[in-house]
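Colleague: I would like to walk through this structure with you. Please keep the answers plain.

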Amino acid sequence: MFTDRRANTRKTKRERQPWPAGRPFKILALDGGGIKGLYTAHLLHQCEQNLANGKPLAAYFDMIAGTSTGGIIALGLGLRRTTEEIVSFYETDGRRIFPPYPATKVGKAWRFVSSFFRPILNHEELEAALKRRFADDTLGQAGPRIVVPAFMMPRTEIAVFKTDHHPDFRNDHETPAWKVARATSAAPTYLKGHEHAESGRIFIDGGVWANNPVMVAVVDALTCYEITLDQIEVLSIGTGNPPFELSRKSVFAGLLAWREVIMAAMFLTTDNATSQAMLLLGPDNLLRIEPSDETATIKLDDFDRAQAELPPLASAHFASYGPALARFFEQPAAPREKFYA
């Protein structure tokens with residue numbers, strides 16, 4: 001699972017593999033957002049049920065990239081879980097992973113105070129659910145190309161887990177899928193980081209630097225294959241980017257006032273990645289769908305509100321974006337290369 005990413009990075013330009021000139025390279029990019037992944041799961045379920053012609057949804061994409069909760073979904077799709085199974089993960093396991101908010105003032109106060117000293121959620125519930133859902137599957141068993149961002153500590157270092165779709169990608173394919181999912185979804189302040197005992201490194205949520213993995217996927221595609229920007233077609237699904245405002249007084253204040261900015265900064269990377277991808281690919285080659293308005297304010301651990309508001313919103317968005325979504329399901333993708341798995 002662990003490699004010293006910097007030490008093992010190639011010092012020469014990656015050799016690009018051939019890709020048919022007339023064939024598009026279709027990418028599905030899935031944002032982080034905790035229980036708000038319920039929106040993504042329901043939207044993809046609508047696509048699979050109505051557009052995929054009886055095939056698994058993953059069969060239509062050359063690459064699936066996901067961060068945090070989006071990484072869990074990406075792995076599930078790649079390892080041939082149906083979208084119905086993925087929805088079930090959020091609706092059944094989600095309740096245990098994200099317990100109800102305290103009802104009393106004392107309970108709410110204790111939750112707030114304790115959050116300064118330890119993660120809010122019990123990571124063991126998430127680990128148990130991931131082990132149950134992924135069993136013994138490894139990353140390399142995924143059908144499409146999979147790209148999953150994470151982050152390592154104590155010495156800061158980014159990590160991107162990848163299937164063995166290029167000869168340079170030798171290390172990650174043997175990693176258990178549940179460990180990749182756990183590594184990418186360890187949201188700071190919410191869940192304990194995932195420890196790699198042999199190296200002493202700790203994996204943290206990839207949302208710290210790539211909550212929206214669209215640019216991670218686009219760069220990987222461009223450096224792995226002889227494709228042009230015009231050939232890349234992206235379906236990017238977000239979980240809602242809540243508006244954030246810091247008062248003028250707080251801007252000039254200290255650490256306590258800026259505490260929430262840490263989470264806000266993660267979501268700023270989402271907007272940045274979307275803007276960069278749009279500039280590179282153009283609006284005709286990138287479809288971005290996400291909750292907005294009040295639904296964007298749902299907190300990533302608010303199971304009750306997510307369960308009440310996001311499934312119907314996903315159905316409404318599928319109805320609105322149906323024709324734009326349909327183009328991604330006109331032709332299945334070709335099988336990927338497997339160099340080591």
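**Notes on the model**

Colleague: Let's start with E124: buried or exposed?

Modeller: E124 is exposed, as its relative accessible area is 52%. The words have cut-offs: buried is under 20% relative accessible area, exposed is over 50%, and partly exposed is in between, with a 1.4 Å probe and protein chains only.

Colleague: What should I know about the numbers before we go on?

Modeller: This is a predicted model, so local features need pLDDT of at least 70 and side-chain atom pairs count only at pLDDT 80 or more, while totals for chains, interfaces and linings use all residues. Residues are numbered from 1 along each chain as its sequence is written, and side-chain values use heavy atoms, with hydrogens and water left out.

Colleague: Where in the chain is E124 found?

Modeller: E124 belongs to helix α5, residues 123-134. Helices (H or I, at least four residues) and strands (E, at least two) are DSSP runs, numbered from the N terminus. E124 is 27 residues from I97 in sequence, and their C-alpha atoms are 8.5 Å apart in space.

Colleague: How many helices and strands does the chain have?

Modeller: There are 12 helices and 8 strands. The chain has 341 residues, of which 53% are buried.

Colleague: On to the inside. Which residues touch the most other members of the largest nonpolar core?

Modeller: L28 and L77 do, in a core of 60 residues. Helix α12, residues 303-326, gives the most to this core, with 7 residues. A nonpolar core here is a set of buried Ala, Val, Leu, Ile, Met, Phe, Trp, Tyr and Cys residues joined through side-chain atoms within 4.5 Å.

Colleague: What does L77 touch?

Modeller: Leaving out residues up to four places away in sequence, L77 touches L28, L30, L44, L57, A58, I64, T83 and I86. A contact means heavy atoms within 4.5 Å. There is also a second, separate core of 25 residues, and V147, V214, V218 and L281 are among its members.

Colleague: Why is strand β7 described as largely enclosed?

Modeller: Strand β7 (residues 232-237) has 6 of its 6 residues buried, so the rest of the structure largely encloses it.

Colleague: Which way do β1 and β7 run?

Modeller: They run parallel, and 6 bridges join β7 to β1, residues 25-30. Two strands pair if DSSP finds at least two bridges between them. Opposite E233 in β7 stands K26. Strand β8, residues 286-289, also runs parallel to β7 and is joined to it by 4 bridges. There, I289 is the bridge partner of I237.

Colleague: New topic. How many disulfides are there?

Modeller: The count is 0, taking a disulfide as a pair of cysteine sulfur atoms within 2.5 Å.

Colleague: How many aromatic pairs does the search find?

Modeller: It finds 7 in the whole structure. One of them is F89 with Y90, an edge-to-face pair at 5.1 Å centre to centre with 85° between the planes. F89 and Y90 are both buried. Rings of Phe, Tyr and Trp (its six-membered ring) pair if their centres lie within 6.5 Å; planes under 30 degrees apart count as stacked, over 60 as edge-to-face and the rest as tilted. One aromatic cluster is formed by Y60, F61, F328 and F329.

Colleague: Which residue lies over the face of W178?

Modeller: K131 does, at 4.7 Å from the ring centre. The charged end of R327 sits over the ring of F328, 5.0 Å from its centre. A charge sits over a ring if NZ of Lys or CZ of Arg is within 6 Å of the ring centre and within 35 degrees of the ring normal. W178 is also one of the buried residues of helix α6, residues 177-184, where 7 of 8 are buried.

Colleague: Last topic, backbone angles. What is phi for S68?

Modeller: Phi of S68 is positive, about 55°, although S68 is not a glycine. Most residues other than glycine have a negative phi. S68 lies in the loop between β2 (63-66) and α2 (69-78), and S68 is buried at 6% relative accessibility. A135 also has a positive phi, near 50°. A135 is in the loop between α5 and β3 (145-153), and at 44% relative accessibility A135 counts as partly exposed.
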